[in-house]
Amino acid sequence: SPCIDRVRKLEQEGYIEGYGAKLSASKLGLGTAAFIQVTLDRTTGAVFDQFRDAVVNIPEVAECHMVAGGFDYLLK
């Protein structure tokens with residue numbers, strides 16, 4: 001169809017970079033989202049690596065952001 005041809009052209013030319021899906025938290029059995037502020041007692045490369053290695057093994061952590069300010073990381 002003409003519409004899908006236009007979409008494919010936009011994809012090929014790089015205007016459309018990808019597609020995403022919004023999942024239903026209730027269908028997945030998920031409840032409330034929580035944001036946790038984490039402050040590390042030391043801020044060295046080794047401590048950051050240790051923290052990262054621990055966080056990636058926690059399946060409930062959906063996101064981990066290093067931030068500037070009053071704490072070091074924000075977990076979702």
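**Val 7 and helix α1**

In which helix is the place of Val 7? Val 7 sits in helix α1, residues 2–12; helices (H or I, at least four residues) and strands (E, at least two) are DSSP runs numbered from the N terminus. This is a predicted model, in which local features need pLDDT of at least 70 and side-chain atom pairs count only at pLDDT 80 or more, while totals for chains, interfaces and linings use all residues. Residues are numbered from 1 along each chain as its sequence is written, and side-chain values use heavy atoms, with hydrogens and water left out.

Val 7 counts as partly exposed because its relative accessibility is 23%; buried means under 20% relative accessible area, exposed over 50%, and partly exposed in between (1.4 Å probe, protein chains only). Not counting residues up to four places away in sequence, Val 7 touches Ile 16 and Tyr 19, where contact means heavy atoms within 4.5 Å.

**The nonpolar core**

Seven residues form the largest nonpolar core: Val 38, Leu 40, Val 47, Phe 51, Val 55, Tyr 73 and Leu 75. Such a core is a set of buried Ala, Val, Leu, Ile, Met, Phe, Trp, Tyr and Cys residues joined through side-chain atoms within 4.5 Å. At least two residues of this core come from each of α2 (45–55) and β3 (73–75). The largest share, three residues, is supplied by α2.

Tyr 73 belongs to strand β3 and is buried, with a relative accessible area of 8%. Tyr 73 and Leu 40 are 33 residues apart in sequence, and their C-alpha atoms are 8.4 Å apart in space. Leaving aside neighbours within four places in sequence, Val 38 is in contact with Phe 51, Phe 71, Asp 72, Tyr 73 and Leu 75.

Val 47, Phe 51 and Val 55 are the buried residues of α2. Seen down the helix axis, they fall within an arc of 65 degrees, so they line one face of α2; the arc is that of the directions from the axis to the C-beta atoms. These buried residues pack against β1 (36–38), β2 (64–66) and β3. On the face turned away from the buried side, α2 carries the exposed residues Ala 46 and Gln 50.
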